[in-house]
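Visitor: I have a protein model open and would like to learn how to read its features. Could you walk me through a few of them?

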Amino acid sequence: MAMAVAMPCVASSPKFEMRGAWLVTAYGLDWPSCQGVTRQVAAKQQAELDTLLSNLHRAGINAVFFQVRPMADAFYASSYEPWSGYLTGTRGEKAPYDPLGHCIGYCHALGMECHAWINPFRVGTRTPATTLDRRNSHLWMANRVGKSSMIIFNPALDETRRHLCDICREIATNYDIDGIVFDDYFYNPEFIPEDERAADWKCYLEAADAGQNMADWRRANINRAIADVSALLATIKDGKIRFGVSPQGIGGANGVYASEGVPALTSYGILTADSQYDKIYSDPVNWLKEGLIDYISPQIYWTTDNSRHPYGALSRWWNDVAEMFGRHCFPSQTITALAKTNLPQVWSETFSQVRHNRESSFNGAPGSVLYSARFIGGRTSQGFGKALRDSVFASRALVPPMRWKSGATPVEVDDLAINKSGLLTWRSSDPDARYVVYAIPAELDDDEARSADSDGIDASFILAVTYSNSYVLPARYRSDYRIAVTPFDRYGIEWQPAYLIP
């Protein structure tokens with residue numbers, strides 16, 4: 001029998017909430033619609049990306065998960081891997097511009113975060129052969145299932161993990177990203193033998209600890225890779241870059257962590273066991289328990305009325321486990337059904353899932369990440385983005401703060417001023433901070449303008465989030481409003497406001 005669970009009372013549109021969108025570049029699913037290296041193709045790609053990002057922002061999205069490494073390739077200037085053929089048309093051919101830099105710049109101009117989405121181990125189903133591929137090919141192994149195969153980087157090799165860290169270091173150092181996120185490609189998602197038929201059998205015999213079975217050894221390899229990247233990112237930019245992983249949607253580890261207090265899936269009415277633990281050797285509870293990631297974004301790609309693994313129960317289980325270990329949970333939801341039926345009754349399922357995520361979060365840090373961007377603001381959106389903004393994303397939201405980070409110090413804003421053209425400017429004690437601009441009706445005092453959840457000024461008064469020390473105030477807010485600016489640091493912490501003195 002399912003355990004009865006009391007739901008908290010939460011704000012209909014919280015001030016702090018992850019509202020993400022996966023932006024797929026593999027196969028050009030979300031973007032780009034054309035490939036090539038001519039100036040004309042580059043201009044079309046950039047215009048399409050700008051439109052897509054603008055539409056996401058208009059829908060209420062505050063973070064874009066931009067796929068920059070789909071299959072051991074790059075949508076940025078990489079020293080380690082070739083330019084992606086999904087961008088240029090030919091793998092390894094140099095692109096005439098930098099898509100990641102362009103995406104970050106446009107996201108930040110709109111006040112959205114940009115997280116670099118990396119597939120950590122996948123190479124693809126075919127053997128690529130550029131110069132950079134040949135340099136890395138000794139790290140690969142092919143997992144064969146029937147007549148098909150998937151080439152991956154061998155997670156057991158120290159050099160594989162160093163290569164992954166090099167990629168993450170290069171992105172984190174060279175680009176002003178807000179986060180790095182991995183998806184669920186670890187070992188082959190199909191069954192891999194645990195005997196001499198396995199591609200990594202010899203490696204297992206040579207490297208496994210005494211008495212360690214192959215499944216535990218493979219999980220340990222993935223755990224080490226996550227730990228290595230986590231340790232690396234902690235040393236870059238004072239640990240301000242969020243690190244997240246998006247595993248498959250069921251991850252209870254079948255009672256392995258019961259002694260740690262991790263609840264059983266069945267106690268939430270979830271009737272399907274964890275398969276990723278034994279089939280792709282993914283152990284997300286370990287990453288949370290060890291504090292290796294800042295957020296988990298499980299791919300809960302089922303509906304709220306699914307009889308074996310209903311969305312609401314899974315969202316609650318993942319949120320409870322993440323909060324048990326002091327981290328954030330921002331479930332991923334699929335909206336691919338809109339490709340067939342883009343109608344309000346289908347939209348309502350997404351809205352219900354967003355509300356489930358809010359009701360399941362007890363740490364003031366709810367979130368949702370929608371898969372994928374084209375259904376919100378792309379070629380097949382057809383009104384869904386507007387429906388999002390008119391319903392569950394009616395007020396703006398800020399990405400929740402990482403309060404466990406040790407580097408955060410108070411940030412102050414002063415010298416707030418406005419010129420005759422409406423340009424609002426200020427000074428800040430932190431050159432790396434972001435800022436939230438508010439317009440509060442003049443008749444409201446400070447107490448009346450506060451959020452009901454006591455988390456600062458109410459979100460309904462947010463005009464913009466800006467990554468610069470200036471903002472052009474719209475004409476309608478230049479009288480009869482009190483203007484406030486708050487520092488919003490890269491850890492996601494909002495500090496005390498400064499008010500414009502008339």
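Guide: Gladly! Helices (H or I, at least four residues) and strands (E, at least two) are DSSP runs, numbered from the N terminus. This is a predicted model, in which local features need pLDDT of at least 70 and side-chain atom pairs count only at pLDDT 80 or more, while totals for chains, interfaces and linings use all residues. Residues are numbered from 1 along each chain as its sequence is written, and side-chain values use heavy atoms, with hydrogens and water left out.

Visitor: Where does Pro-32 lie?

Guide: Pro-32 sits in the loop between strand 1 (18-23) and helix 1 (39-59). A cis peptide bond links Trp-31 to Pro-32, with omega about -5°. Another cis bond runs from Tyr-371 to Ser-372, where omega is near 10°. Ser-372 belongs to the loop between strand 12 (367-371) and helix 12 (374-377).

Visitor: Which residue has a positive phi of about 55° although it is not a glycine?

Guide: That is Asp-238, in the loop between helix 7 and strand 8 (242-245). Tyr-281, also not a glycine, has a positive phi of about 60° and lies in the loop between helix 8 (276-279) and helix 9 (284-289).

Visitor: Is Tyr-281 buried or exposed?

Guide: Buried means under 20% relative accessible area, exposed over 50%, and partly exposed in between (1.4 Å probe, protein chains only). Tyr-281 has 0% relative accessibility, so it counts as buried. Asp-238, at 56%, is exposed.

Visitor: How many residues of helix 7 are buried?

Guide: Helix 7 is mostly covered, with 15 of its 21 residues buried. For its length, the expected span is 1.5 Å times one less than the number of residues. Helix 7 (residues 214-234) reaches 30 Å from its first C-alpha to its last, close to the 30 Å expected.

Visitor: At what angle do the axes of helix 5 and helix 7 cross?

Guide: Axes are lines fitted to C-alpha atoms, for helices over the stretch in contact, and angles run from 0 to 180 degrees between N-to-C directions. The axes of helix 5 (residues 158-174) and helix 7 come within 10 Å and cross at roughly 30°. Helix 5 is therefore roughly parallel to helix 7; angles under 35 degrees count as roughly parallel, over 145 as roughly antiparallel, 65 to 115 as roughly perpendicular and the rest as oblique.

Visitor: In what order do the strands of the open sheet come?

Guide: Two strands pair if DSSP finds at least two bridges between them. Here 3 strands form an open sheet in the order 13-14-17, with antiparallel pairing. Strand 13 (413-418) and strand 17 (470-472) are its edge strands, each pairing on one side only.
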